[in-house]
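Good morning. I will go through one structure today, starting with confidence, then the ligand site, then some backbone details.

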Amino acid sequence: MPAVDIPGSKSITARALFLAAAADGVTTLVRPLRSDDTEGFAEGLVRLGYRVGRTPDTWQVDGRPEGPAVPEADVYCRDGATTARFLPALAAAGHGTYRFDASPQMRRRPLLPLTRALRDLGVDLRHEEAEGHHPLTVTASGVEGGEVTLDAGQSSQYLTALLLLGPLTRTGLRIAVTDLVSVPYVEITLAMMREFGAEVRREGNVFVVPPGGYRATTYRIEPDASTASYFFAAAAVTPGAEVTVPGLGTGALQGDLAFVDVLRRMGAQVTVGADGTTVRGTGELHGLTVNMRDISDTMPTLAAIAPFADGPVRIEDVANTRVKECDRLEACARNLRRLGVTVETGPDHIEIRPGSAAPAGTEITSYGDHRIVMSFAVTGLRVPGISFDDPGCVRKTFPGFHEAFAELRGRLLR
Ligand SMILES: O=C(O)C1=C[C@@H](OP(=O)(O)O)[C@@H](O)[C@H](O)C1
Ligand SMILES: C=C(OP(=O)(O)O)C(=O)O
């Protein structure tokens with residue numbers, strides 16, 4: 001039963017860094033994710049004057065409830081949307097002039113609902129080029145608090161940024177949400193805010209966050225459930241193969257672990273225990289229709305194994321995957337067609353119709369998107385001759401992916 005050691009969760013590491021920076025003491029993060037996104041987040045904190053001590057297995061952050069330690073900073077958020085969306089909210093609670101920029105890929109991604117909400121709360125925030133995109137400058141003088149309306153139909157990260165800011169405001173926040181995707185990510189935010197001593201409650205569509213700041217703690221980061229999806233999928237497409245991911249079990253915070261329920265519906269054998277999750281390939285892989293609004297980071301994983309199903313695989317309600325690292329619906333469709341698979345897409349869905357001919361190996365176009373590469377690496381377990389134009393883009397969340405996947409492949413196909 002191969003156990004796979006999956007690196008820490010990107011989403012939990014990013015939130016833990018924010019919470020640690022805002023807390024009233026020294027926080028230790030145990031097993032944080034070390035990848036381009038999270039190292040970019042930590043470097044952003046350092047730019048803002050926070051002390052972040054890093055050893056391979058633990059990161060220590062000196063919290064500053066009063067906000068950034070420097071009056072001016074230039075922060076480069078790289079490709080990370082958590083960095084690009086959460087750090088301007090942290091900076092807003094301080095006092096100074098903070099400029100944020102990001103990679104060309106991240107500059108293209110939207111954040112207008114968040115920057116509008118911050119402005120509605122009185123934050124002086126200016127976009128340098130396009131409205132609602134990086135680069136932007138926050139001239140911060142603390143946030144009073146109050147009520148704000150937010151459309152989080154394109155990204156839940158807008159809501160997470162405001163929720164994290166809530167306890168740092170003078171009077172607290174009431175956030176009325178008109179639309180919301182990726183709900184389980186908001187649940188991670190709420191759970192972690194409570195772990196760091198904040199109060200927060202939900203009254204229907206309104207999130208209520210009283211003032212009061214955060215308390216430093218020691219926080220252990222669980223393995224990344226979205227990363228685990230490639231390893232679970234590898235087991236599901238390999239008859240008789242079994243993959244166990246320790247540390248991701250019934251108590252896991254991350255909604256993306258529900259990807260194993262999709263694999264179970266398709267015919268894989270799945271056991272979710274207290275200490276970990278095991279997927280076993282049975283040789284069956286049924287077609288299905290599935291709504292992935294809550295777990296859309298795993299849409300490419302499913303799309304990439306869909307050619308091996310015994311019927312059509314239709315993935316619905318994933319419009320916001322078009323504004324991720326790339327337009328993921330189109331990226332999946334184009335690559336699948338190049339493999340010789342019939343695919344249809346609409347504004348918010350993709351349908352993959354496996355044919356009688358086996359998919360043919362090809363070079364996968366990565367579109368600079370780590371998830372496209374990691375997903376089609378799973379296809380490569382069954383289709384010889386798959387390669388990537390930009391294999392290195394996995395550095396965003398899992399720099400060691402290719403080595404780890406090659407090792408698993410060796411064990412599964414032995
Ligand atoms: O809050 C987070 O950590 C994340 C939320 C999700 O984004 P959206 O809310 O934009 O779907 C997810 O896709 C992303 O990888 C991480
Ligand atoms: C969408 C993703 O990342 P980001 O945090 O940049 O939105 C992702 O990791 O799939």
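The mean pLDDT of the protein chain is 97, and 100% of its residues reach 70 or more; pLDDT is the predictor's confidence in each residue, from 0 to 100. The model scores ipTM 0.99 and pTM 0.98. This is a predicted model, in which local features need pLDDT of at least 70, side-chain atom pairs count only at pLDDT 80 or more, and totals for chains, interfaces and linings use all residues. Residues are numbered from 1 along each chain as its sequence is written, while chains are lettered from A and ligands numbered from 1 in the order in which they are written.

Now the ligand site. Around ligand 1 there are 13 residues, and S11, S155, S156, S182 and Y185 come nearest. Near here means that the C-beta atom, placed from the backbone, lies within 6 Å of the molecule. By class, the shell has 9 polar residues, 3 nonpolar and 1 charged. The classes are as follows: Ala, Val, Leu, Ile, Met, Phe, Trp, Tyr, Cys and Pro are nonpolar, Asp, Glu, Lys and Arg are charged, and the others, Gly among them, are polar. Domain 1 (10-218) and domain 2 (225-412) each give at least three residues to the shell, with bounds from an automatic or database domain assignment.

Which helices each supply at least two residues of that shell? They are α1 (10-22) and α6 (157-165). Helices (H or I, at least four residues) and strands (E, at least two) are DSSP runs, numbered from the N terminus.

As for α1, 13 of its 13 residues are buried. Buried means 20 or more other C-beta atoms within 10 Å of the residue's own, exposed means 12 or fewer, and partly exposed is in between, with C-beta atoms placed from the backbone. At 1.5 Å a residue, the 13 residues of α1 should span 18 Å, and the end C-alpha atoms are 19 Å apart, which agrees. The expected span is 1.5 Å times one less than the number of residues.

Last, the backbone. Most residues other than glycine have a negative phi, and most peptide bonds are trans. S182, one of the residues that come nearest to ligand 1, has a positive phi of about 50°. S182 lies in the loop between β9 (173-180) and α7 (183-195), and is buried, with 24 other C-beta atoms within 10 Å.

D317 also has a positive phi, of about 65°, in the loop between β17 (313-316) and α11 (328-338). Is D317 buried or partly exposed? D317 is partly exposed, with 16 other C-beta atoms within 10 Å.

The peptide bond from H134 to P135 is cis, with omega near 0°; P135 sits in the loop between β6 (124-127) and β7 (136-141).
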